[in-house]
Amino acid sequence: MRTLVSSIALMTLYASHAFAAPSLSISDAYARATPPNVTTSAVFAKLHNTTDKEVVVASAKTERAGAVELHTVEQQGDVMKMRQVESFTIASEATFALKPGAEHIMLFNLDAPLKMGEQLSVELTLLTGEKINFDAPVKKVMQGMKHHHH
Ligand SMILES: [Cu+2]
């Protein structure tokens, strides 16, 4: 893996701008399966910044959702609440984990329930305008944001 990463870095060095590697590499992506009549879901993934500069994710979209927001989860008193944020900032060479109970990509107005085994294609737009595309398989996921009661 380390060898692969270094050779990609080398290729980037030698290649012109036109062939630059994507600024983010995406791994472990998945989307939450939805029960019938539920039109919201979320996408999770690990976003690895492959550059030596900060990378800012400005927006996300998928054809299956009428609206997509970047969300974080915050504790308010005894309750965990989701809140929209303007962007996700990923430090140089760092990995930013989108996961249940933390930052995630929130989907609204799904055109149909997300079923296990489907692939959801997602596009991220960085502040620089660069687009990052990836596929998120649909999986059953624990709620993660609603289990904070005692
Ligand atoms: Cu959310």
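Q: Leaving aside neighbours within four places in sequence, which residues is Phe 108 in contact with?
A: In this predicted model, Phe 108 is in contact with Thr 39, Thr 40, Ala 65, Gly 66, Ala 67, Glu 69 and His 71. Contact here means heavy atoms within 4.5 Å. The C-alpha atoms of Phe 108 and Ala 65 are 5.7 Å apart, although 43 residues separate the two along the chain.

Q: Why is Phe 108 called partly exposed?
A: Its relative accessible area is 23%. Buried would need a value under 20% and exposed one over 50%, so Phe 108 counts as partly exposed. This residue lies in strand β8.

Q: What makes His 71, Met 82, His 104 and Met 106 the protein donors of the copper ion?
A: Their atoms ND1, SD, NE2 and SD, in that order, lie 2.1 to 2.3 Å from the copper ion. The cut-off for a donor N, O or S atom is 2.8 Å for this metal, so the four qualify. Along the chain, the donors follow the spacing H-x10-M-x21-H-x1-M.

Q: Why is the site of the copper ion called tetrahedral?
A: The angles among the four donor atoms run from 96 to 120°. For four donors, the label asks that all angles lie between 85 and 135 degrees, so the site of the copper ion is tetrahedral.

Q: What makes Met 82 and His 104 a pair that ties together separate parts of the sequence?
A: Met 82 belongs to strand β5 (residues 79-85) and His 104 to strand β8 (residues 104-110), so the pair links parts that are 22 residues apart in sequence.

Q: How do you know whether Met 82 is buried, exposed or partly exposed?
A: The relative accessibility of Met 82 is 36%. That value falls between the 20% and 50% limits, so Met 82 counts as partly exposed.

Q: And how do you know whether His 104 is buried or exposed?
A: His 104 has 0% relative accessibility. The limit for buried is under 20%, so His 104 counts as buried.

Q: Why is the aromatic pair of Tyr 30 and Phe 44 called tilted?
A: A search of the whole structure finds two aromatic pairs. In the pair of Tyr 30 and Phe 44, the distance is 5.2 Å centre to centre, with 40° between the planes. Rings pair if their centres lie within 6.5 Å, while planes under 30 degrees apart count as stacked and over 60 as edge-to-face, so this pair is tilted. Tyr 30 lies in strand β1 (residues 24-32) and Phe 44 in strand β2 (residues 41-49), so the pair ties together parts 14 residues apart in sequence. Both Tyr 30 and Phe 44 are buried.

Q: What makes the pair of Phe 88 and Phe 96 tilted?
A: The ring centres of Phe 88 and Phe 96 are 5.3 Å apart and their planes stand at 35°, so the pair is tilted. Phe 88 and Phe 96 are both buried.

Q: How do you know that β1 pairs with β2?
A: Six bridges join β1 to β2. Pairing takes at least two bridges, so the two strands pair. They run antiparallel, and Tyr 30 has Phe 44 as its bridge partner in β2.

Q: What joins β1 to strand β10 (residues 131-139)?
A: Two bridges join them, and the strands run parallel. Since pairing needs at least two bridges, β1 and β10 pair as well. Ala 31 has Val 138 as its bridge partner in β10.

Q: What makes the side chains along β10 alternate?
A: Ile 132, Phe 134, Ala 136 and Val 138 point to one face and are buried.

Q: How many residues lie between β9 and β10 in their hairpin?
A: Four residues lie between them, and Gly 129 in the turn has a positive phi of about 95°. Strand β9 (residues 119-126) pairs with β10 in the antiparallel sense over seven bridges, with Thr 125 opposite Lys 131.

Terms used. Residues are numbered from 1 along each chain as its sequence is written. This is a predicted model: local features need pLDDT of at least 70, side-chain atom pairs count only at pLDDT 80 or more; totals for chains, interfaces and linings use all residues. Side-chain values use heavy atoms; hydrogens and water are left out. Donors are N, O and S atoms within 2.8 Å of the metal (3.2 Å for Na, K and Ca); water is not among the atoms, so sites may look incomplete. Four donors count as tetrahedral if all angles lie between 85 and 135 degrees; four count as square planar and six as octahedral if opposite donors are over 155 degrees apart and all others between 65 and 115; anything else is irregular. Buried means under 20% relative accessible area, exposed over 50%, partly exposed in between (1.4 Å probe, protein chains only). Rings of Phe, Tyr and Trp (its six-membered ring) pair if their centres lie within 6.5 Å; planes under 30 degrees apart count as stacked, over 60 as edge-to-face and the rest as tilted.
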